[in-house]
Amino acid sequence: MKKFVSIFAVTAVLATFGTTPAFAQTASSKFAAEVSDITLIPNSSSSAPPITVLSTMIKTPNKKDLLIGVSLETALFTQTQVKGKNGTTDTASASATLEVSVLLDGKPFNPTNLSGAFPPKVVYDKRAQTLSATLGGVIQSCQDLNGDGVITVATECVVTDEMIQLILDTMAAHHFNFVAANLSPGIHTLEVQVGVGVDTSFGAGSASATAGVGRGSLTVEEVRAINQVVPGAGIEFDFLQ
């Protein structure tokens, strides 16, 4: 009976000492990441406010900095069509934009105290497409109605609309590094937010646009830059106030 108790006690001690370092290492992680192999934002044909697509947490000691990398597959689709006849001019426009920002503990960058992830917002992908044309139309048939031997297209021909269409459908991967400086000690949450902007305008033709995000990754690394003594040393944020 004593032998059993002794073995049990040793096992409990080993389990206690075995789990404590593992917990401390996880909580004090110097690197964190989230990687997605699914579509983060399906193609949207309307503008939408920023939504969180990736997030992770990291624990830092006092006065540490974070290097935050955000990689995203961006998909843009734009379609413009113009049509007209008899020398009329028609114009159609379509635009799509994807803007990315990083929230630190649920807050954006604060230019007053330089807290948060900088820069506040990055355009990962944008396209503005405009198609304009002066079109004569398609002549179906003509008849010299007044018998003067001259065909006047505007009054003596059947003309249908002429049409031109432009479609662009692209997808590409983009990366940008954000920086957060002089963090307070504790566990911090990083969120990647993406806003979608879509706009169209057209006359006799048509226009459409969509924007979406495919795969993505968020990587966060704890670093420590030197305190800035002279311009260009350490971490420096440049922005318009």
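Two strands count as paired if DSSP finds at least two bridges between them, and strands here are DSSP runs of E with at least two residues, numbered from the N terminus. With that in hand, T52 stands opposite Q193 in β11. This is a predicted model, in which local features need pLDDT of at least 70 and side-chain atom pairs count only at pLDDT 80 or more, while totals for chains, interfaces and linings use all residues. Residues are numbered from 1 along each chain as its sequence is written, and side-chain values use heavy atoms, with hydrogens and water left out.

**Strand pairing**
- β3 (residues 48-60) runs antiparallel to β11 (residues 186-202), with 10 bridges between them.
- β11 also pairs in the antiparallel sense with β5 (residues 88-104), through 13 bridges.

- V70 is in contact (heavy atoms within 4.5 Å) with residues including V100, F178 and V192.

**A look at T74**
- T74 sits in strand β4 and is buried (under 20% relative accessible area, 1.4 Å probe, protein chains only), at 1%.
- Its side chain makes a polar contact (N or O atoms within 3.5 Å, one able to donate a hydrogen and the other to accept it; residues adjacent in sequence count only if both atoms are side-chain atoms) with the side chain of D125, at 2.7 Å.
- The side chains of T74 and H174 are joined by another polar contact, of 3.3 Å.

Key. Helices (H or I, at least four residues) and strands (E, at least two) are DSSP runs, numbered from the N terminus. Buried means under 20% relative accessible area, exposed over 50%, partly exposed in between (1.4 Å probe, protein chains only). Lists of a residue's contacts leave out its neighbours within four places in sequence.
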